[in-house]
Amino acid sequence: MAEAHQAVAFQFTVTAEGIDLQLSHQALTEIYLSGVRSWKKRIIRLKNSVVTGVYPASPSSWLFVVIAILATMYTRSDPSMGLIAKIQEHLPVSQSMSTQCQALVSAVLFSTMLWLLLIFTMRLCLKQLLSYHRWMFEQHGKMSNTTKVWVALVRIFSGRKPLLYSYQGSLPNLPVPAVKDTVKRYLESVRPLLDDTEYERMTKLATEFESSLGNRLQWYLKLKALWSANYVSDWWEEYVYLRSRSPIMVNSNYYGMDFLHVTPTPIQAARAGNQIHAFFLYRRKLNKEELKPWLLRSAVPCCSYQFERMFDTCRIPGTITDTLQHWQDSDYIAVYHRGRYFRLRVYQAGRLLSPREIEFQIQRILDDPSLPSKGEAKLGALTAGERIPWAKARAKYFSSGVNKRSLDCIERAAFFVTLDDDEQGMMGDDPAASLDRYAKSLLHGKCYDRWFDKSFSVVYFKNGKNGLNCEHSWADAPVLAHLWEHTLAIDCFQLGYNAEGHCKGEVDSSLPRPQKLNWEIPPECEEQISQSLAVAQALADDVDFHVFVFRDFGKDKIKKCRVSPDAFVQMALQLANYRNRKKFCLTYEASMTRLFREGRTETVRSCTNESSAFVRALEGGEAADVCRRLFHAASEKHQNLYRLAMTGGGIDRHLFCLYVVSKYLGVESPFLKEVLSEPWRLSTSQIPFQQLHMFDLVNHPEYVSCGGGFGPVADDGYGLCYQVLGNYVNFHIACKHSCPDTDAHKFGAEIRKAMNGLLQLLSPNEKEPNKTEENRPEVKKDL
């Protein structure tokens, strides 16, 4: 109980001689410094709110306007055209104020109103400029004069040195597409998947919907679009994520991997020390809004609102719907090791602990010989199972007493850390199989050694490897990828390790020990934990995973073929899937809509008439010239669909929202019901590499994350993530063992074959790639 005593600022006892008061100066100092730190953060937030609120102007521009107005008045000119005099007449001031002073106050008030009007005008102009998206549809490398003028105007109206959230008020709202356009695009997207009879039936359903119920639902949707910042995002978060009652492990959460071929240090505690420190450095930048907004073509801003709930956030289970809870900055993290939960403070006397001090604290947890409390070891399985049993157990067993305090400690932590006793990564006699095990460990682990409800959990393995497991409802993968890239870069290129592999710096051995959390788990709760674990274990065991690095070529060689790398990979996936299944299937590719305020994702339906025509021609033995022409038509069609999705012209989010409106109104639509029930048997996503400037890929090309992945979306389908880099492509493939029609390794082999076949088609003079070792061994290096 030493830690508990250290947390008490004073103690007193009543005796016959009087009151014996004992003060803890250390605790009082901690309280004082914590208060100072809290007030500093409030001042920074207030300052950033002012700077962001007046953007694209600056607070200092107010003084410029005031001085300019006063200067013109000094020359006996009236820039206000009589308004200053009107303000002076109605000033509620006493007679003691001189006429000159009243004129000065009136001029300042007029200047302030003029300044605010100018800000509103600039923001409105910027919003209109950012609503222009024709630049995205122009041929790559060629920019029209209109777009050149537009880029110049955007840069003029964008102001200087924007903060992370500076553009939020200037971003346009996501437009609501016309029903007829969405229906037309939908019918076009399903044509290669349906025979003539089925297509005719679907066309009839679509036409009936468009001419009757569709217009009524559209009216309500336009009303919502006028009222809210984004007509999709809140419903998407609630109905797709938070209202799902199935396990979020595998079904919703996704993962991110460490470097593939290098481990900066083999010491588990040291790797955790550097990275935990780097995570909090990132949070400090995030709180100060010092992270640069993401700009397309160095000019067009993307929405940053998803960053707000990155840290200090947890998903709270409910019987009907879950909720997302976000707290103010926690000064600690929750750590799991060998069935025990710890609270580890990362701030001492108002300062962030150094990497070496965090390593020291982590090692204390690793060396702690204490045993788990009764029922504690597999407690995390509650977050891996069905949501309703977890919600009921939380309300019944964790709503008061020691269980509530310990659960609050986990849920309010900055993030969650697991210290895993296993070794992972590409290693051993079968590196390919070890990479598959690595992916499965990050996706679900042992089903009880992760806290799947936290916004993100970091897993540190015994051999120094690590990775992320991320809850999906609060943000999409590119946001977490930004954090992960930053952390990996800071870990290796700025903090580094000493010759022995430990973190650099000195240790304050007087640091209080990490606090072990206590639990009182009754037998009934243990039974529920066992049931949730059984559900989660069955789900985890059914996942078939295959991760591989396609080394024959990458983005550089694809671009030489004058093809978009994303379109190339998507065409390869269509070809591989057709060879694997002998038919086409509904294909999902995630595209972002962050060009709009509070935008998240949209679906690109990659299986098109053009792509299916190309695949059939290639498999049918058509001439190479014919196949090349069809390939370029298919890739251009794919690129156009991607641009439409990014600029608000997608299909699926609009249909989803129309379906939600129909449910609110209590009306049935056979068309919408059928559309929303169609399974995505091939669900794909590309992982972007956003911060190349933080990595030295020339001297250290191996210091790149292997990307990440997610579980299968459909029981009889594939979930596939890929990352296209200069000389190689990372693939993460998931499906289910229980489906006889899917096999992750077989599909991976078809993808390899399709990728090489497409390059041979587009570059007939290209030599057959050298068959280098597919899985070269990992090395351990220090920078």
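A residue is called buried here when its relative accessible area is under 20%, exposed when over 50%, and partly exposed in between (1.4 Å probe, protein chains only). The views below show a predicted model, in which local features need pLDDT of at least 70 and side-chain atom pairs count only at pLDDT 80 or more, while totals for chains, interfaces and linings use all residues. Residues are numbered from 1 along each chain as its sequence is written, and side-chain values use heavy atoms, leaving out hydrogens and water.

**View A. Cysteine 447 and lysine 582 both have a positive phi.** Most residues other than glycine have a negative phi, and most peptide bonds are trans. Cysteine 447 has phi near 75° and sits in the loop between helix 16 and strand 14 (456–460); helices (H or I, at least four residues) and strands (E, at least two) are DSSP runs, numbered from the N terminus. Cysteine 447 counts as buried because its relative accessibility is 0%. For lysine 582, phi is about 65°, and its place is the loop between helix 20 (565–581) and strand 18 (587–592). With a relative accessible area of 64%, lysine 582 is exposed.

**View B. A cis peptide bond joins tyrosine 55 to proline 56.** Omega is near 15° for this bond. Proline 56 belongs to the loop between helix 2 and helix 3 (59–74).

**View C. Arginine 338 and aspartate 421 form a salt bridge.** Side chains of opposite charge can pair when their charged atoms come close. A salt bridge is counted when a side-chain nitrogen of Lys or Arg is within 4 Å of a carboxyl oxygen of Asp or Glu, and the structure holds 38 of them. In this one, N and O are 2.8 Å apart. The partners are 83 residues apart, with arginine 338 in the loop between strand 9 and strand 10 and aspartate 421 in the loop between strand 13 and helix 16 (431–443). Arginine 338 is exposed at 54% relative accessibility, whereas aspartate 421 is partly exposed at 32%.

**View D. Arginine 605 pairs with aspartate 652 in a salt bridge.** Their closest N and O atoms are 2.6 Å apart. Arginine 605 is in strand 19 (residues 601–605) and aspartate 652 in helix 23 (residues 652–665), so the bridge ties together parts that are 47 residues apart in sequence. Arginine 605 is buried, with a relative accessible area of 4%, and aspartate 652 is buried as well, at 10%.

**View E. Aspartate 715 meets lysine 736 in a salt bridge.** The N to O distance is 2.8 Å. Aspartate 715 lies in the loop between strand 21 (708–710) and strand 22 (718–724), and lysine 736 in strand 23 (residues 729–736), so parts that are 21 residues apart in sequence are tied together. Aspartate 715 is exposed at 53%, but lysine 736 counts as buried at 11%.

View F. Contact means heavy atoms within 4.5 Å. Serine 244 itself is in the loop between helix 10 (233–242) and strand 3 (254–257), and is partly exposed at 22%.

**View G. Helix 15 (residues 401–411) is mostly covered.** Of its 11 residues, 8 are buried, among them Leu407, Cys409 and Ile410. The elements covering the buried residues include strand 7 (313–316), helix 14 (387–397) and strand 13 (416–419).

**View H. Serine 685 is a buried residue of strand 20 (residues 682–686).** Its relative accessibility is 17%. Leaving aside neighbours within four places in sequence, serine 685 is in contact with Ala590, Phe710, Leu720, Cys721 and Tyr722.

View I. Lysine 47 belongs to helix 2 (residues 25–53) and is exposed at 54%. Tryptophan 219 is in helix 9 (residues 213–227) and counts as exposed at 54%.
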